[in-house]
Amino acid sequence: MDNSAAYAPRSGSGRTLHRFANPGRFLRLSGKVLPWLSALGLSLTLIGLGWGLFWAPADWQQGDAVRIMYIHVPSAMLASAGYVGLAICSVFSLVWRHPLADLAAAEIGPVGAAVTFICLTTGSLWGKPMWGAWWVWDARLTSVLVLFFLYLGHIALVRAFDSPERGARAGAILALVGAVDLPIIKFSVNWWNTLHQPATITLTGAPTMYVGMLWPLLFSSLGMMFGFVAIVVARTRAGVMERRIRGLLLARAQQEAGTMVDMVA
Amino acid sequence: MTHLPYILAAYGIAAIVSVWFSVDAWLRMGRARRRLAAIDPRGQR
């Protein structure tokens, strides 16, 4: 049987994807990009949050509580965007067996869960003075809580297997199934009567927000996005190096075991 | 009604979680780099 096709170089997008799957190339590239991502993330976040906290005007109705928005809205956007990243990595992992996609997905999980936690707690802290309740079983809040559990489930499932590959496959399937929650989060405020307000910023219309509040929100959103990517890249770099360490230690142990067997024989 | 405690709590929680994850990623990367350099000096990047 001719197996040459199986070993032939992949063409088109497959070859491009596998070019970036090389861990050595990823370490070199990410090493150059990471300081810039971190610096951008830190500086834009500090500018956005400082501006929002000290110089942006208070809301005529909500008063100073509106300043929680500069954390809550970026973390809500990142919670969903992080899950989109997780789902994309899962596709790469299941379809192309991209080795870096498994590692990236495993590292996106905890960071995504953390931003979803920030989104839920800051939302609760904003809800108490505005709605008079820490929590309501509203469609938007509940669907974001489901997203948080999906992240936790992904973290647990990836670590539940002795074989990292099997854990990654199971996690990828869960991530793809869970992606159905993303449109529910997005459109929950339109589909149902919710206590949570509808979107203020949309892709199709002009924002219904005072420009003096929009700019700090833009800065903090961009800063937190760069910070999120920087943390995921740093964790993935660590994951790549840890996998290499495990491989080297395993090869060394096998070599030593082989030498012992030879000596006994 | 003052909103200051809610605002401080929101910014405080966000700061603690962000700093925790940043420092953890930084330390983990440094630890992995040192271990890799000790095991395989050619693998140092």
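This is a predicted model: local features need pLDDT of at least 70, side-chain atom pairs count only at pLDDT 80 or more; totals for chains, interfaces and linings use all residues.
Residues are numbered from 1 along each chain as its sequence is written, while chains are lettered from A and ligands numbered from 1 in the order in which they are written.

**Figure 1. Overview of chain A.** Chain A comprises nine helices and zero strands, helices (H or I, at least four residues) and strands (E, at least two) being DSSP runs numbered from the N terminus. Along the sequence the pattern reads α-α-α-α-α-α-α-α-α. The C-alpha atoms fill a box of roughly 85 × 40 × 35 Å, taken along the principal axes. Of the 265 residues of chain A, 38% count as buried. A residue is buried if 20 or more other C-beta atoms lie within 10 Å of its own, exposed if 12 or fewer, and partly exposed in between, with C-beta atoms placed from the backbone. Among contacts in chain A between residues at least 6 apart in sequence, 76% join residues at least 24 apart; two residues are in contact if their C-beta atoms, placed from the backbone, lie within 7 Å.

Figure 2. Leu176(A) counts as partly exposed because it has 16 C-beta neighbours inside 10 Å. Leaving aside neighbours within four places in sequence, Leu176(A) is in contact with Ala87(A) and Ser90(A). Leu176(A) and Ala87(A) are 89 residues apart in sequence, yet their C-alpha atoms are 5.4 Å apart in space.

**Figure 3. Crossing of H4(A) and H7(A).** Two packed helices are described by the angle between their axes and the distance between the axes. The axes of H4(A) and H7(A) come within 9 Å and cross at roughly 130 degrees. Axes here are lines fitted to C-alpha atoms, for helices over the stretch in contact, and angles run from 0 to 180 degrees between N-to-C directions. The angle makes H4(A) oblique to H7(A); angles under 35 degrees count as roughly parallel, over 145 as roughly antiparallel, 65 to 115 as roughly perpendicular and the rest as oblique. The crossing of H4(A) and H7(A) is left-handed, a term for a near helix turned anticlockwise from the far one by less than a right angle, with right-handed used if clockwise. H4(A) contributes Leu86(A), Ala87(A), Ser90(A), Ser93(A) and Leu94(A) to the contact, and H7(A) contributes Ala168(A), Arg169(A), Ala172(A), Ala175(A) and Leu176(A). These residues divide into seven nonpolar, two polar and one charged. Ala, Val, Leu, Ile, Met, Phe, Trp, Tyr, Cys and Pro count as nonpolar, Asp, Glu, Lys and Arg as charged, and the others, Gly among them, as polar.

**Figure 4. The loop between H4 and H5 of chain A.** Arg97(A) is found in this loop. Its phi is near 50 degrees, a positive value in a residue other than glycine. Most residues other than glycine have a negative phi. Arg97(A) is partly exposed, with 14 other C-beta atoms within 10 Å.

**Figure 5. Crossing of H5(A) and H9(A).** The axes of H5(A) and helix H9 (residues 211–264) of chain A come within 9 Å and cross at roughly 140 degrees. The two helices are therefore oblique to each other, and their crossing is right-handed. From H5(A), residues including Leu103(A), Glu107(A) and Val111(A) make the contact, and from H9(A), residues including Phe228(A), Arg235(A) and Gly239(A). The residues of this contact divide into ten nonpolar, two polar and three charged.

**Figure 6. Helix H6 of chain A and its packing.** The 21 residues of helix H6 (residues 139–159) should span 30 Å at 1.5 Å a residue, and the end C-alpha atoms are 30 Å apart, which agrees; the expected span is 1.5 Å times one less than the number of residues. Buried residues of H6(A) include Leu147(A), Tyr151(A) and His154(A). The buried residues of H6(A) pack against H4 (69–96), H5 (99–131), H7 (164–178) and H8 (181–191) of chain A.

**Figure 7. Chain B against chain A.** Chain B has one helix and zero strands, and 22% of its 45 residues count as buried. Buried residues of H1(B) include Tyr6(B), Phe21(B) and Met29(B), and the buried residues of this helix pack against H4, H5 and H9 of chain A. In total, 25 residues of chain B are in contact with 32 residues of chain A. The residues on the side of chain B that touches chain A divide into 16 nonpolar, four polar and five charged.
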